[in-house]
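Please keep the sequence and the structure in view while going through the points.

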Amino acid sequence: MRGQDGQTWGGTDSAPLLPVNSEFSRAQPWAPPQPPPPRRLHWLRLIVPLIVLALIGSITVAASNDKAQWDARLAPLAEFVAETRGLQFDHPVPVEFLTPEEWAETVAIDESGLSAEDRADGAEYAASLRAMGLIDGDVDLYDANNELAASVYVALFDPYEDRIQVLGEDTEQFDVVMQGTLVHELTHALQHQNFDLIALQEGADDGSALAISGLIEGDASATEADWAATLPDAEQDEYYSAYDELEDPGAAAPPGLAVAASAPYALGPWLANLLWASGDLDRAFSEPPSTEEHLLDPSSFIAGDVAERVPEPGLPAGAQRIEVSTQFGALGLFAMLAERIDPHLALAAADGWDGDAPVYYRQEERQCARVRFLPEDDAAKAVMLRALEGWASTFTKPFASVRDDERYVLFETCDPRRDAVSTGRAYPALALPALRANTMWAASEFTSDPEVIWCVADRIVEGMTITEINEFAPYADEASADAYSTRLAATAELCRAE
């Protein structure tokens, strides 16, 4: 390998969406739109999502009606999705339109139904995020999740009831934004009919859940991008301008929630497109990503990298074990570090991640985590130690420690409670691995070697600030696209020669 999982509350996987640009359709990675719209690449702008991962909960499975007919407005969109993905629908799926009140009941957690155990689980998860510096002192994660969901949800595909639900009115003709929404949701319906999303998600563990979400969401985002690229210029302008007018709800959300919610959409499209380029996208649904590293660094999945098994560290004397999570993860490490140190150093440390084993415990009424990280080699260990030590040193009241533990790096952190202060930097810092992952896909035009792909992408983003990344516009016009293509090809040659 080169080098928090998404939390599900009350049965709904809350997930904002990274906007897709027609420049990134998987069919023509190098062809800019004609004429190319003068848009910036908002790598991490959270906007109204066009898709939501399936509701996971105690929902009765509805029998599908294979004799049903497509709604006439959906039929051409379904045909596009099936043709683009090279798969077939077994049967049509209905669309249900909901009022704002009905929608709020669908996506929000009914806190009146939460048990004492649910509340305790939420409190323990909040304590673990405070120990990582990813939320402030007093945050009700249920409230925060509901607020984020209300800000970003507009549609979902429910595989248990085999239907699409949309916030909006059932109009005679769908506008271009609604069509894009439905293309995204129809892709999920197609995925489910061919790959069984219920089994895929229920088979995920703490280490793979977020990466599998990235595969599912990335495929749907890429399909939507392909669809957007077919629109006439005026409709493309209408489609993208609708997003340009929206605010970013993720910027106000607790960093831990914002990162977990946005990562599948920020990183997933490039994992899906790399797999599409290699002809392995469909196979990935039966042999899915097994670790968050595959989402943070898509080339690692192409290379077949897997996490090493790491023995759990022991608990301090007198500590009471708490079940919170079974893996910290490469993305969790990146998010924690990027919240307080340079994102390039944070990403370098996460790149060196080869596995981990955390234990969570309570001692003297304080919740703590002890994590044993396995770096891939001595150089990676040195980077990881420097990054973790730098992170710990940023707090005025230290509550974390780091030490070299032979093959491993041993990290321990405790809930600082009301003294916890987040910076909000981890969420925008996702722009760095997002651009790098995008560049990996672009570099696959010139090489199929995962090591060269990684080398090219890492060199392209080297030294770029988050502001520069968000202003980066390699496809602003045809000349820019040609220059970027030349740069990537030359960088690939340099990487091959090393």
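1. Valine 139. Leaving aside neighbours within four places in sequence, valine 139 is in contact (heavy atoms within 4.5 Å) with Ala126, Ala144 and Pro254. Valine 139 lies in the loop between helix 3 (116-131) and helix 4 (141-152); helices (H or I, at least four residues) and strands (E, at least two) are DSSP runs, numbered from the N terminus. Its relative accessibility of 23% makes valine 139 partly exposed, on a scale where buried means under 20% relative accessible area, exposed over 50% and partly exposed in between (1.4 Å probe, protein chains only). Arginine 418 is 279 residues away from valine 139 in sequence, yet their C-alpha atoms are 10.0 Å apart in space.

2. Basis of the values. This is a predicted model, in which local features need pLDDT of at least 70 and side-chain atom pairs count only at pLDDT 80 or more, while totals for chains, interfaces and linings use all residues. Residues are numbered from 1 along each chain as its sequence is written, and side-chain values use heavy atoms, with hydrogens and water left out.

3. Confidence. The pLDDT is the predictor's confidence in each residue, from 0 to 100. Its mean for the protein is 82, and 86% of the residues reach 70 or more. Confidence is lowest in helix 4, at a mean of 77, and highest in helix 14 (residues 343-351), at 98. Over residues 1-67 the pLDDT is below 50, although this stretch has 266 contacts in the model beyond near neighbours in sequence. Where pLDDT is low, the predicted coordinates should not be read in detail.

4. Three strands form an open sheet in the order 1-3-2, with mixed pairing; two strands pair if DSSP finds at least two bridges between them. Strand 1 (95-98) and strand 2 (155-158) are the edge strands, each pairing on one side only. From one strand to the next the twist averages 20°. Strand 2 and strand 3 (residues 163-167) run antiparallel and are joined by 4 bridges, and alanine 155 stands opposite valine 166 in strand 3. Helix 5 (residues 176-195) packs on the sheet, where it touches strand 1, strand 2 and strand 3, and its direction makes about 20° with that of strand 2. Such axes are lines fitted to C-alpha atoms, for helices over the stretch in contact, and angles run from 0 to 180 degrees between N-to-C directions.

5. Salt bridges. Side chains of opposite charge can pair when their charged atoms come close. With a salt bridge defined as a side-chain nitrogen of Lys or Arg within 4 Å of a carboxyl oxygen of Asp or Glu, the count comes to 19. One of them joins arginine 85 to aspartate 219, with the closest N and O atoms 3.0 Å apart. This pair links distant parts of the chain, arginine 85 being in helix 1 (residues 75-85) and aspartate 219 in helix 7, 134 residues apart. Arginine 85 is buried at 4% relative accessibility, and aspartate 219 is buried at 0%.

6. Another pair. Arginine 403 forms a salt bridge with aspartate 405, the closest N and O atoms lying 3.9 Å apart. Here arginine 403 is partly exposed, at 46% relative accessibility, whereas aspartate 405 is buried, at 15%. Elsewhere, salt bridges that share partners join Asp71, Arg73 and Asp170 into one network.
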